[in-house]
Amino acid sequence: MTDYTPDDDADVTVQDLIDRLRDEADADVDPETTPDVGIIMGSDSDLETMSGAHEALAELGFAEQTDFRDAPDARFTYETYVVSAHRTPELMYAYGETAEARGLDVLIAGAGGKSADLPNMTASIAYPIPVVGVPVQEKSVDSVIGMPTGAPIVAVDAGKSFNAALSAAQILSREHDVVRERLVEYHEGLVGGVARDSRDLHDMGVDAYVESRNDD
């Protein structure tokens, strides 16, 4: 991946990004080297909430890809963009329209506010690529899930971007056994954790168990 500092493209425009996406869509690139998951959000202020998706994908062995033509060593990767449905609608359309040609298999879209239109608009534009919507705030839930019949979107509860990434991985797992295996391993780890907690709580007693957790 190439090194990048913000000053490199201080004068970047929305059209520059649109041109980049369209150039990548037209490029003759091996699909195995392109990002599998696209993560977009309406503002960089949503990044804290959407970072759960990054954490979940990292847990499953996905790597971040920042250069479309220079993939990391990991077989499965993701990319992240800020795409505002209201401030940069042209970029939203370009991202959705080029997603399939750029090799993306599933999108995760997060937005906040009462008019959180990015997830459902992207789902319409990128169709039939599945889109997992993340309401960044509780007041965004109705906007994200309010799609009419015939215009599907998968959605998680407010702020649950970690679950959104797990859903994206589940979609990929239907075609990629290694992703399925990683999901099963992750789930078995959760189950084992509950078993250990149950044993320790019973065997140590409540006070000692709570103290041990506080020490951690």
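Mentor: Helices are DSSP runs of H or I with at least four residues, strands are runs of E with at least two, and both are numbered from the N terminus. This is a predicted model, in which local features need pLDDT of at least 70, side-chain atom pairs count only at pLDDT 80 or more, and totals for chains, interfaces and linings use all residues. Residues are numbered from 1 along each chain as its sequence is written, and side-chain values use heavy atoms, with hydrogens and water left out.

Trainee: Which pattern does the protein chain follow when read along the sequence?

Mentor: The protein chain contains 8 helices and 6 strands. Its C-alpha trace spans about 60 × 40 × 40 Å along the principal axes. Read along the sequence, these elements give the pattern α-β-α-β-β-α-β-α-β-α-β-α-α-α.

Trainee: What percentage of the contacts in the protein chain with a separation of 6 or more comes from residues 24 or more positions apart?

Mentor: Contact means heavy atoms within 4.5 Å. Among the contacts with a separation of 6 or more, the share from residues 24 or more positions apart is 68%.

Trainee: Is T98 buried or exposed?

Mentor: T98 has its place in helix α3. It touches L21, R22 and A25, leaving aside residues up to four places away in sequence. Buried means under 20% relative accessible area, exposed over 50% and partly exposed in between, with a 1.4 Å probe and protein chains only. Because its relative accessible area is 4%, T98 is buried.

Trainee: At roughly what angle do the axes of helix α3 and helix α4 cross?

Mentor: Axes are lines fitted to C-alpha atoms, for helices over the stretch in contact, and angles run from 0 to 180 degrees between N-to-C directions. The axes of α3 (residues 89-98) and α4 (residues 118-126) come within 8 Å, and they cross at roughly 45 degrees.

Trainee: How are α3 and α4 oriented to each other?

Mentor: Angles under 35 degrees count as roughly parallel, over 145 as roughly antiparallel, 65 to 115 as roughly perpendicular and the rest as oblique. M92, Y93, G96 and E97 in α3 meet L118, M121, T122, I125 and A126 in α4. The two helices, α3 and α4, are therefore oblique.

Trainee: Which elements do the buried residues of α4 pack against?

Mentor: Helix α4 is mostly covered, with 7 of its 9 residues buried. These are L118, P119, N120, T122, A123, I125 and A126. The elements they pack against are β1 (37-41), α3, β4 (106-111), β5 (131-135) and α5 (141-145).

Trainee: Which helices do the buried residues of α7 pack against?

Mentor: Helix α7 (residues 177-204) has 28 residues and reaches 40 Å from its first C-alpha to its last, close to the 40 Å expected at 1.5 Å a residue; the expected span is 1.5 Å times one less than the number of residues. Its buried residues are V179, L183, Y186 and G193. These buried residues pack against α2 and α6.
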